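Please look over the sequence and the structure shown here, then follow the explanation below. It goes through one chain, then parts of the other, and ends where the two meet.

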Amino acid sequence: MRKYIERIISISTADPDDMRRRRVLNILMLGTLSAAVVGLIAIVVAGVFTKVNPTDFQILLLGILGTILGILGIYQINRRYSGRLAALLFLLLLTAVFSFSDSPAQLSNGRALFIFTLPITISSLILASESSFLFAFISSGIVAGLSISIGRPINIFAIIGFFMLALVSWLSARSLETALEELRTINNNLDKVVIDRTNALAASLERERVEAGRNQAILNSIADGVIVFDRKWNAMMANPAVKSMLEVPLEWFIGKNFREIIGHPKLALKSRGLLSAMIEHDTQPIGFRIEWAGKTLSVSAAQVYNYQSENMGFVIVFRDVTREAEVEKLKSTFVAIVSHELRTPLNAILGYAEMFKEAIYGPMNDKQVNMADRIIKNTQRLLGLINDLLDQAQMEAGKLTIQMAPVRLSELLDNLHSVLDKSASDKGLRLTSEIDDILPERLNGDAARLHQILVNLVNNAIKFTDQGSVRVRLFYYDENRWGIEVTDSGRGIPESDLPYIFDTFRQVEGTATRVHGGFGLGLSIVKQLVNLMNGDVQVVSVLGQGTTFKIILPLVTSNPLQANWRVP
Amino acid sequence: MNELALIIEDDEDLADIFAEALRGVGFEVERVLDGRVAQERLKGGRIPFIILLDMHLPHVSGGDLLTIIKQDERFMETMIIITTADARMGDMYREQADFVLIKPISFVQLRDLTARLKPKQ
């Protein structure tokens, strides 16, 4: 029923004001029509059951039927053509009906006078706000006309009242319209803002979608495995390479906590602690590797920060280096075997030559002893080269470790002299050494490796110095560091070559013009050993005057109270 | 009778040189070139004053032989000198031997060392 009524009164038009007026008109017409129908039934009933003047009965009947037909016609006009025309016709019809609704005396100056107020007020609502004045004028005309027709004075107060009412109606209707207009403007602005915002949001979502799609495509296509963790260490995403590399479905990772992931049975036990320490301490060891499902993977991790420098989590990147690791292992095994197999026969040559020199099998003349000496020296040189190769291979494989133990500094220098004094004096060079008084007698270090550093540096200095001296000094740097300084009076190193002197298999002269033997591993090994000891190497060289190598090492004394410090 | 030095070394040349060095200072020398043979030898026979033990041997390793020697009370007084080319392995056995010599081992070095160890007649 409600829907039915709604359908009857509804109007479809674009102008909201017009729609409102026409809708109100429809409601009024529906009400009027209902009243007319009730009136019609009442008249018919009265006509049947009571004696009514037939002329009056006919007039009333025709009047009501006329009103009903008029309303139906106006309804059609309102629905199909024009709201304004329909409203005007309806109001005129209403005024006309009211003009005949009572005696002229009552209408002009009596009980029915008030009914003319209805079209005046209604017109402001359904026709136009100022139309109340039109109907005040029409009603005044009718009231005046009726008064004149019955010879009575015109009811001026009624006419003034009509116009006052018209004024009030006009004002209220106008303020209502203004208020509605403002509301509509606000609504429109609001709609515009909402539309703008919605469009902006849609555009930004689209941009993000495109960006995310591009990032995803990049991640999907790289061969390295990438897992992204949020700030709570839960895996947010993993790329397809992870699946093939770690042999675990991607779904398994998503949402899993980092600690849960490193508990996976395919991750080697020893790798778990390493991986965990790497993330917890945010460190990035060089050449860091883990074993997962029998594969060797190099791992790097990076914390992720947004524009506000807030930590967003971290990313772990895996690379399959199984093949490289195998090759490295083979290489180091090969070098170890070769070195061992080379050293044994060299040891035999050395031994037999020594036996000659020592005249085990009978007396030897000077020339024979000298020859035996040369065999010994060359064999020792060859053994030194093999040791260098072995050290290099071990360092490349990351197997060379530093064994810390108390070292007596004077012993280091004694050993150095016992090995190289002869080489120096053979070339007519002085090999001198000193220890800063302030240094402790003993400190913690790897005696064998420190000896190796000293021998390599001094050997090198002797090799490239033709006259003068090679000076070794163990010095105090600051309260946390000490150092080894080797200064020669040799030919010096050209500045352009300084950056390369620590490269493996390199000599300043280059391969084609080398006049000095050796693999060019000596300084490279020194540098790597010093790095392993967390130290630093510096070199200063002046062409024609000499070179100074300075090794600076962390000072660790076996006694925290430094009871072993020398008294200056 | 001179003290006995038992040389367990698979490289014949090195065994020769070591033998010559030890003989030079007055030891009687017995050479074994194989781990398994050495294992048999250690079961009986004369107790050596010095055992020169190579770690890298065929059939039975120097490490296993060292364990056997250390468990046998007869060798309580015997000096053990380990010879190896592998410095790392040398470090591993340093506690269980009297001396560890890293190859290359000089004839003179070995001769001088064993001369110091030999009891004065």
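**The sheet of chain B and its surroundings**

In this predicted model, five strands of chain B form an open sheet with parallel pairing, in the order S2-S1-S3-S4-S5. Strand S2 (28-32) and strand S5 (99-102) of chain B are the edge strands, since each pairs on one side only. Direction ignored, neighbouring strands of this sheet are turned by 20° against each other on average.

Inside the sheet, strand S1 (residues 4-8) of chain B pairs with strand S3 (residues 50-54) of chain B in the parallel sense, over four bridges.

Chain B has five helices and five strands, and from the N terminus on its elements run β-α-β-α-β-α-β-α-β-α. Of its 121 residues, 36% count as buried. Among the contacts in chain B with a separation of 6 or more, 61% are between residues 24 or more positions apart.

**Helices of chain A**

Two packed helices are described by the angle between their axes and the distance between the axes. Helix H2 (residues 16-49) of chain A and helix H6 (residues 117-126) of chain A pack at an angle of about 140°, and their axes are 8 Å apart. An angle over 145 degrees would count as roughly antiparallel; H2(A) and H6(A) are therefore oblique to each other. On the H2(A) side, the residues that meet H6(A) are Arg21(A), Val24(A), Leu25(A) and Leu28(A). Their counterparts in H6(A) are Ile122(A), Leu125(A) and Ile126(A). By type, the residues of this contact divide into six nonpolar, no polar and one charged.

Helix H4 (residues 83-99) of chain A has 17 residues, which at 1.5 Å a residue should span 24 Å. The end C-alpha atoms of H4(A) are 24 Å apart, which agrees with that expectation. Several residues of H4(A) are buried, including Gly83(A), Ala87(A), Phe90(A), Leu94(A) and Thr95(A). The buried residues of H4(A) pack against H2, helix H3 (54-80), H6 and helix H7 (131-149) of chain A.

**Antiparallel strands of chain A**

Further along chain A, strand S12 (residues 546-554) is joined by seven bridges to strand S10 (residues 481-488), and the two run antiparallel. Ile484(A) has Ile551(A) as its bridge partner in S12(A). Strand S11 (residues 536-542) of chain A also pairs with S12(A) in the antiparallel sense, over seven bridges. There, Asp536(A) has Ile552(A) as its bridge partner. The hairpin of S11(A) and S12(A) has three residues between the strands, and in this hairpin Gly544(A) takes a positive phi near 85°.

**Where the chains meet**

Which residues bring the two chains together? In all, 13 residues of chain B are in contact with 14 residues of chain A. H1 and helix H5 (107-117) of chain B are the elements that give two or more residues to the side of chain B that touches chain A. H1(B) gives the most, with five residues. The residues on this side of chain B divide into seven nonpolar, two polar and four charged.

Terms used
Residues numbered from 1 in each chain as written. Chains lettered and ligands numbered in written order. Predicted model: local features only at pLDDT ≥ 70, side-chain atom pairs only at ≥ 80, totals over all residues. Axes fitted to C-alpha atoms, helices over the stretch in contact; angles between N-to-C directions. Parallel < 35°, antiparallel > 145°, perpendicular 65-115°, else oblique. Contact = placed C-beta atoms within 7 Å. Nonpolar A, V, L, I, M, F, W, Y, C, P; charged D, E, K, R; others polar. Expected span 1.5 Å × (residues − 1). Buried ≥ 20, exposed ≤ 12 C-beta atoms within 10 Å, placed from the backbone. Pairing = 2+ DSSP bridges.
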